[in-house]
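Thanks for coming, everyone. Let me put the structure up on the screen, and then I'll walk you through a couple of things in it.

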Amino acid sequence: MQNLRDFGTFGVIRYLSRLMVRKGWNQEVPEVGPTGNPEMWKIGATAYTLLSAQNPNWANKPGTNPPGQPGNRWERPGHVIGQGRAILEAAKTFGTPKADGGVNALFAGLLNEYGTTLNGLIDEAQNREHDVTKGAYNLWGGPAQAALIERAGLDGLPKAMKCDSGNLDEYIETPAKMRGRMLAPAQMLARNVHVNPPHYSICWYSRFVDEHVVERTDLCEADPRPVPCTEKWTYGDLEVTFSQGLQWSDAPPLPSRWGTATVKKGMQLQYCKDIHNGPAYCTNRPNQFEEVVKGWKTGLHQAFDTNVRIGERPETEQDAVNRMTTFLNQNRTNYYLDNAKYLKTTNRGAALNMQARLLRTYTELGFPQSLRSDKELRGLLYGAFGIFANATDEIVPDQLSRIYETAASNLAGGLPAWKQELLSARENPCVKPEGIRTDDPLLACLAEDGRSRLAKLNERYTVAFKARKDGADETLSDVRDQVRNLWLVTKTIHPAADVGGPVDPVPPKIAVNADYDGDRKEDTAFWRPEDGTWTVRPSTGGPERTTSLGRPGDLPAPADYDGDGKADPAVVRPSEGRFSRKALTGGPVTTTEWPKPGYEPRPGERAGMVTLAGRLGRLANEVSRVGKATDAVVAQRQVVNLWRSLARSGGASDLARSLVVLGSFLTNTREHDEAIAVTKDAIDRFRALGQKADLAWALNNLGYRNSAAGRALDAVVAQRESRDLYRELASADPAQRRALALAHVVLGSFAQQAGLYEEAIQAGRDGVAVYRQLGDKPGLAWALNNLGYRNSAAGRALDAVVAQRESRDLYRELASVDPAQRPALATAYVILGSFAQQAGLHEEAIQAARDGVAVYREIGDKGGLAWALNNLAYRFSAAGKAADAAAAQREVRDIYQALLDGGGAYRPQLAEAALLLARFLIGAGRNDEARQPAQQAVDLFEQLAAADPAYAPRLKEAKEVRASLG
């Protein structure tokens, strides 16, 4: 770990190679020999390149080098070039695929070892559970669970005293059915495991019940003669009750359970005799307690056990349930906090951090291009929802510890431990996976997410290795570019220098996937324009097939043109208006002039031309999506040519649509006049055809074309007609209401651009109203955001805040169930901060910006994070918190520096960030600290201005800031 930290990804190639061999993961990957440190190499290469380029006479001057150094002037840069080549080759070895294009043993071993380490940490977490429970109970069981270990004396004393009496003579043996362990479950759990268990008590009392009197009036014996009298006999049953109770330290005693039984029936309780006109007397009633004590051992005990009726007080059990629920939750909280602390203080996460860093490092070396282009791969390795780690320098610092801490916080707030942002969104607890001993729901979800993310990472590696086998370029581009620069300078000064061939990027390959064998499954295929080679890998797994067709500048258009169910390799050559195709199995090349303007289709050609137009249209969209605007225009022009030829015999709508699409692509290349002209041509055609829906769509596009050309009022005029048409269409067809809502919002944008603020706000409100009626929450959130902008532009800052607050709340709701909405939520926070600042609500502005920063940090979007931090810096600055602004802006500068160091094209952003950091530091009165970023801004803008004079004003400004520092 220390090696990786000290030397960085590119400084440890040799170390990583030896580690791979030691682990036995080198089946497909050869061990590399001594290899230089790429970071140090780039410094040396840059020095040689600049020195030679700026001083060619010196570089070409004859002479010898210092003793021990190569003698020829070009041999020293040649040695540096050679070292750079060695670094490139060494780094690429890590991504060597298996013979079948599968994931190699190195990456399979890394994935397996990471998984094992994560499982080990999860297993260790289960040990913390025993530390809390001491094995006495299940931490995840309910409050009525049975204790796993019982405390002594649960049955209570063998004898029970009479209630409200301490007389030892009145103690009697406790019946079997009235022992202490007979209490309800939650009370028993409390007595067994609670840190402050309730005190248990039992006592008995007795009474005579069901008393009745037998009376007789007769002559009674008397002296000298019988006299009239009345006799009364009172009978009753002896009933005994045992009462069990609990007393918590913070509450009065509570009755819990009782047992009542008749132990003696028909007892004579009293005899009374009343002699008429004479004396009367009664015998003494027996004492009910003495009767019990006297007869308990001689039959009453047995009678109680036989006849007892049990009763329980539910309120006492509910009280125990409530207390034990609190007890369990508190101990679960302690358990989670113990795990968080354990990971931090014992550094037990170091092994996992090491495995995560190794995965990233080997990927950065072996798959640098995939890492840049594959957002999912990058997110899994670096994002907040990627593989778990617990280092302080992660996107989410101490991630596992934070998950445990959040779980503890959730329990305190009445939320499930597993329902948190750092875990996958889910509505139900996770199923306990195999290998997990505990019933902890958090560990079940942690294990599930860990395995799921590792499986997804393996999928991305599978794609990357397959592409590598197909010839994908995975060269370290920054090292390659530096080698190339030094090679060019060296060969310019020393044409005869023996420094090897040029180091150029691998010639590009274009994906041309199609069904080439007629099995109705897409085959993987590539076309290399440089030599015209088509390579097709059948979906069935058979041998690769190749053919040659085309050259640079051609447009690939494979499709089934002859109706045999199989796609043929085909290209269009725009420069000649020609279309060529040939069968993959061989044979002659068939060439026609289908794409040529004015071509007259022959009988039987229409189907093929329609197929070609569709294929070229898809190609235009594909290249446009990857930023190749000019290529998109070239391809779409061929589509228009084809439909112009076809429209003579039908297809006027398709021609109009192709013209609208061409207008869109022309706007991307800033050919605004032609973009407007071809879109108007399409509008005239749709108007003539009477196709209102298509006309509304085309008018909306014309609005965009005019807006991009700076013709704001023309954009409004076009969009008004589009809006009116959609309103008419929606009145007859509710399915058009969403298009109407969109038309309202777009009209608001164009009206604002034209300075028509009232119309802009009303249009924005109309769009919001329609989306609200539709119940379309994503659309409503977007429309409210737009309404915020409309109000802000009109100077209605508070109205902008109100609209954006609702937009923010909607995105928050959407993101809670769909993580894909989190970037939109982050943006909503940042925008709310801007509007709140405009309204003078500085604290809300700062908090909103902070929220945006937090979300971008969690999703691992470094570009978005830098933008949000920059906004936060402005919020601080507006609130007079210059030091805080500088701190936020410093992180912006550091992020762009890291992105630039990683090979990204972020030099302009870094220059701007450095200049702004200098300004904020000056504002904070820290001029000494401001000198470094000010100088950095000057240096960067000098480099940018040398290549593009448009940066000259920024360079001048940076120099003025530097000069102001003395």
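So, what is the lining of the second largest pocket made of, by class? There are 19 nonpolar residues in it, along with 13 charged and 7 polar ones. Before I go on, please keep in mind that this is a predicted model.

How many residues line that pocket? The count is 39. If you want to find the middle on your screen, look for Pro 508, Lys 509, Ile 510, Ala 511 and Lys 628, which lie nearest the centre of the second largest pocket. The space in there comes to about 1300 Å³. And how do we get at empty space at all? You roll a probe the size of a water molecule over the atoms, and that shows where space is left.

Now, which helices and strands supply at least two residues each to this lining? On the helix side we have helix 11 (368–373), helix 14, helix 16 (606–625) and helix 17 (629–646). On the strand side, we have strand 8 (510–511), strand 9 (524–528) and strand 12 (555–556).

Searching the whole structure turns up 4 of them. Counting bonded cysteines along the chain, the pattern goes 1-2, 3-4, 5-6, 7-8.

Let's take the one that involves helix 14. Cys 430 is joined to Cys 445, with 2.1 Å from S to S. Cys 430 sits in the loop between helix 13 (399–412) and helix 14 (441–469), while Cys 445 is in helix 14 itself, so to speak 15 residues along, and the pair links distant parts of the chain. Why do we call this disulfide right-handed? Because the torsion about its S-S bond is about 110°. Both ends, Cys 430 and Cys 445, are buried.

Next up is the pair Cys 163 and Cys 203, whose sulfur atoms are 1.9 Å apart. Here, too, distant parts of the chain are linked: Cys 163 is in the loop between strand 1 (159–162) and strand 2 (172–173), and Cys 203 is in strand 3 (residues 199–220), 40 residues apart. This link is right-handed, with 85° about the S-S bond. Are these two cysteines buried or exposed? Cys 163 and Cys 203 are both buried.

One more pair for today: Cys 220 and Cys 229 form a disulfide with their sulfur atoms 1.2 Å apart. Again, both Cys 220 and Cys 229 are buried.

Conventions:
Residues numbered from 1 in each chain as written. Predicted model: local features only at pLDDT ≥ 70, side-chain atom pairs only at ≥ 80, totals over all residues. Heavy atoms only, no water. Disulfide = S-S within 2.5 Å. Helix = DSSP H or I, 4+ residues; strand = E, 2+ residues; numbered from the N terminus. Buried < 20%, exposed > 50% of the residue type's maximum accessible area, 1.4 Å probe, protein only. 1 Å grid on protein atoms, 1.4 Å probe; cavity = no way out; pocket = protein on both sides within 12 Å on 5 of 7 lines; lining within 4 Å. Points joined across faces, edges and corners; volume = space filled by probe spheres on them. Nonpolar A, V, L, I, M, F, W, Y, C, P; charged D, E, K, R; others polar.
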